[in-house]
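Look at the model below before reading on.

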Amino acid sequence: MFKRWNLKGGLDLEGHKDLSRQYSIINAAIPDQLIYPLVDRSGNAMTVLVKTGDRVLKGQVIAGSKGVQGTLLHAASSGLVKENEWRMIAHPSGLKSWCLIIATDGLDEPGPVYEPVDYTQLSAADICEKVHQAGIVGLGGASFPTAVKITPNNVRAVDTLIINGAECEPYITCDDRLMQQYPSEILLGIQVLLRALAIESCVIGIEEDMPEAIEAIQQAIECSGFKQIQVKVVPAVYPVGGERQLIYLLTGRETPSQGLPVDVGVVCQNVGTVMAVYQAIVKGQVLIERVVTVTGLGIKKPQNRWVRIGTPIKDLVSQCGGYNGPIERLIMGGLMMGFSLPDDGVGITKATNCILVATSKEVTKSSEAEIQPCIRCGECASACPVNLLPQQIYWHSQGGAHQKCQSFGLFDCIECGCCDVVCPSHIPLVQYFRASKSKLFLKRREDEAATLAKQRFENRDTRKVQEKVEREQRIRLKKLALVKLQKGRPSAPAKMQDKS
Amino acid sequence: MLWICLLFAFLGVILGYAAFRFKVEGDPLVVEIEALLPQTQCGQCGFPGCKPYAEAIAQGNADINQCPPGGEVGVKALADLLGLDAKPLDESFGIEKEKKVAVIVEVDCIGCTLCIQACPVDAILGAAKYMHTVIASECTGCDLCVEPCPVDCIVMTAINPSVLNWQWPEPIQNRH
Amino acid sequence: MQEYLLILVSTILVNNFVLVKFLGLCPFMGVSRKLETAMGMGLATTFVLTLSSVCSYTVNRYLLLPLELEYLRTIVFIVVIAFVVQFTEVVVHKTSPILYQALGIFLPLITTNCAVLGVALLNVQAQNGFLQSALYGFGAAIGFSMVLVSFAALRERIELADVPLPFKGNAIALVTAGLMSMAFMGFSGWVEG
């Protein structure tokens with residue numbers, strides 16, 4: 001009945017999931033302060049909607065970004081708004097940005113209460129609006145606004161909703177735990193999404209090494225009678241949890257290069273996002289907390305927690321027993337796709353699914369001497385899950401021919417890091433690809449600026465010519481008027497004017 | 001011998017007709033060259049704007065290494081287009097600098113409009129006797145407004161690194 | 001039929017004009033820096049070579065031989081070739097200005113491309129018929145283009161390689177050409193002549 005399309009490439013990585021998998025999710029304590037970077041996923045500034053010194057309540061809107069992909073940010077607890085601070089944010093650059101700080105008062109006083117509603121009475125537009133009001137974004141890591149994904153006019157002919165429960169990155173177990181502990185809530189969330197999309201069919205893809213989660217979801221389906229929801233088990237191959245990879249594996253449909261899943265009739269949502277939708281629509285709770293896996297050999301008690309968005313990593317780490325010996329790297333996100341943080345004063349964002357406190361046993365420091373020349377073994381090409389030729393892209397990237405990289409499909413690279421892992425010469429391939437992408441983006445921006453400058457320069461030129469003509473005309477007219485005054489011949493100026 | 005002469009004459013006539021039939025109007029090459037120039041309109045190359053410089057290159061009146069804002073990368077792109085050897089930038093036309101943005105120190109501005117007239121891309125806003133300001137997103141960093149300012153209130157400032165313009169660093173390579 | 005096929009195999013691979021007979025080396029080194037221009041040069045040369053070998057055959061057979069003016073052969077051939085090249089130049093200038101600019105000096109140089117005159121003269125020497133001459137010229141041009149394009153593709157990659165300083169640029173290109181030539185030696189003996 002269910003044909004599984006084979007994922008090309010990918011890797012069988014060691015999961016390290018047992019570090020945190022067996023403990024149930026506990027609520028994290030309210031931290032002393034909450035930190036919210038005032039930039040959205042594309043780096044644009046967010047507008048602060050509260051003033052310094054204001055007292056905000058839990059769930060109150062504190063900031064928002066404009067535009068089609070705008071989102072809202074809510075206070076995760078009650079407290080006082082402090083001066084904005086210029087501090088480090090959760091970004092691979094390690095750069096600083098303005099952050100909104102809330103000093104919590106520990107009362108956790110709830111703000112405006114949204115009445116829980118019966119979702120079966122809501123229209124699709126109502127659901128989208130509520131999802132937007134609740135500030136829900138994709139919790140899988142990309143932070144794409146969920147409301148935009150499910151808004152009817154953005155959804156062309158969609159026939160399938162895919163729920164991504166394939167948590168393929170090593171160490172991360174937050175979606176696994178969610179499915180084990182909240183299966184019926186997730187099913188209700190799916191019902192809400194199906195209603196918003198006005199479709200029937202839904203597939204949940206879960207990795208085969210999460211038997212408890214599969215069991216829990218299947219049982220919940222039995223009990224609830226939502227028979228149209230199918231559970232499909234996918235192989236535990238990294239990166240099967242990538243959106244495009246999962247869609248291909250479950251439906252056999254290939255998302256076009258530079259296209260979106262919508263183009264092949266699919267909307268894909270992460271399990272965590274579905275949970276957030278459930279909480280927003282059925283419970284009337286806005287998105288102020290998410291499940292975060294705190295794991296790695298460098299932490300005393302690895303576990304999953306409901307963490308309020310904005311909690312400093314330092315607080316979270318101390319709640320999990322603190323650091324365990326010398327730490328090699330502090331990674332936000334997974335081992336493969338995450339990025340290192342220079343310090344632990346950064347706040348948890350909506351995209352943070354995992355804090356990996358890695359020791360030298362888990363991450364090897366890549367030294368420059370280890371990097372050897374490419375021997376063209378082709379291992380990277382067979383590991384690549386998106387059918388690229390990493391070796392070719394690398395060759396052009398290292399030579400500075402970034403434009404050529406593009407013709408080899410650089411922008412289809414999902415930066416999964418499979419090629420890095422298999423490379424016998426230890427070439428940091430993904431680093432090359434990211435650098436090339438940055439260069440090409442910069443080039444594109446520069447080209448746009450150049451076109452604008454050229455146009456403005458030309459406009460100015462034509463304007464100057466026109467001004468000159470007009471000035472000459474004025475002078476001529478003045479002269480003519482003088483002549484007319486002196487000689488009193490009215491026909492002359494008219495003739496001259498015709499000529500000019 | 002006469003036949004040979006007739007043959008040559010005949011070939012000559014065909015060539016003449018072809019030259020007439022396939023006559024090239026304008027120079028499409030100028031457009032291609034101009035597309036590679038940074039459009040700073042700074043005039044450092046000795047021509048009043050990027051287009052005149054492109055025309056000069058196409059006609060062979062200017063070398064490809066006279067554009068400091070385009071830098072070595074720009075020279076290389078031009079060399080590739082024209083099938084020439086890339087060469088270092090001619091320093092008599094200026095050296096390659098990091099792109100900057102003009103900022104008017106607003107308290108010092110006297111509202112003389114001289115900088116507005118100097119700006120090649122109309123990126124300065126203001127009126128006589130009123131404070132002027134630079135539209136940063138449209139400034140090409142050409143430096144042309146700095147010279148005319150009588151009170152030296154225009155400074156060229158570096159663009160701050162931010163999340164928006166940040167670049168992934170390139171890996172270090174062991175090269176020969 | 002077999003004879004015609006052998007002419008093609010012979011001119012393209014076994015007796016490749018560039019790598020075995022060492023004719024037409026100047027565009028081979030000069031226009032092989034970029035793949036696109038190499039392709040353009042290959043196309044232009046293919047056109048010129050085929051046309052000029054046909055033209056020179058016709059002129060030789062129907063003008064020079066009946067009039068017993070064989071001693072003028074070289075001069076007449078040069079004029080015929082110059083005409084074909086000039087004609088191609090005008091057309092290319094109109095249709096592809098970039099190619100025109102890229103070919104630059106090399107397009108007029110096809111006139112003095114020894115491969116072109118070589119083909120015309122070798123045709124006479126081998127006493128080839130009309131179709132044989134056309135195929136000989138065409139084959140020679142295909143062989144030239146193939147070698148030129150593959151060499152350009154190699155050079156584009158070498159450009160990005162970490163070549164030791166003394167070998168950078170033309171030095172490594174010449175080494176590569178030598179290696180290619182040696183590779184083509186492998187075809188020798190397939191076809192006679």
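Gly64(A) has Leu72(A), in strand 6 of chain A, as its bridge partner. Thr47(A) has its bridge partner in strand 5 of chain A, and that partner is Gly64(A). Ala63(A) faces Leu73(A), a residue of strand 6 of chain A.

This is a predicted model, in which local features need pLDDT of at least 70, side-chain atom pairs count only at pLDDT 80 or more, and totals for chains, interfaces and linings use all residues. Residues are numbered from 1 along each chain as its sequence is written, while chains are lettered from A and ligands numbered from 1 in the order in which they are written.

**The sheet in chain A**

Strands here are DSSP runs of E with at least two residues, helices are runs of H or I with at least four, and both are numbered from the N terminus. Two strands pair if DSSP finds at least two bridges between them. What is the strand order of the open sheet in chain A? The order is 3-5-6, with three strands and antiparallel pairing. Strand 3 (47–48) and strand 6 (72–74) of chain A are the edges; each has a single partner strand, so one side of each lacks a neighbour in the sheet. The table lists the pairings.

| Pair in chain A | Sense | Bridges |
|---|---|---|
| Strand 3 and strand 5 | antiparallel | two bridges |
| Strand 5 (residues 61–64) and strand 6 | antiparallel | three bridges |

In a regular strand, side chains alternate between the two faces of the sheet.

**Domains and confidence in chain A**

Chain A is split into domain 1 (18–308) and domain 2 (369–500). These bounds come from an automatic or database domain assignment. The C-alpha centres of domain 1 and domain 2 of chain A are 37 Å apart. Five residues of domain 1 of chain A and six residues of domain 2 of chain A form the contact. Two residues are in contact if their C-beta atoms, placed from the backbone, lie within 7 Å.

pLDDT is the predictor's confidence in each residue, from 0 to 100. Chain A has a mean pLDDT of 87, and 94% of its residues reach 70 or more. Over residues 492–500 of chain A, pLDDT stays under 50. The model has seven contacts beyond four places in sequence for that stretch.

**Chain B**

Now turn to chain B. How many helices and strands does chain B have? Chain B has five helices and four strands. Along the sequence, their pattern is α-α-α-α-β-α-β-β-β. The C-alpha atoms of chain B fill a box of roughly 90 × 55 × 30 Å along the principal axes. Chain B has a radius of gyration of 24 Å, whereas a compact globule of 176 residues would be near 16 Å. That radius is taken over C-alpha atoms, and the globule rule is 2.2 Å times the number of residues to the power 0.38.

In chain B, 24% of the 176 residues count as buried. Buried means 20 or more other C-beta atoms within 10 Å of a residue's own, exposed means 12 or fewer, and partly exposed is in between; C-beta atoms are placed from the backbone. Chain B meets chain A through 23 residues, which are in contact with 23 residues of chain A.

**A residue in chain C**

Gly30(C) sits in helix 2 (residues 25–30) of chain C. Is Gly30(C) buried or partly exposed? Gly30(C) counts as partly exposed because it has 16 C-beta neighbours inside 10 Å. Gly30(C) and Asn170(C) are 140 residues apart in sequence, yet their C-alpha atoms are 9.9 Å apart in space.
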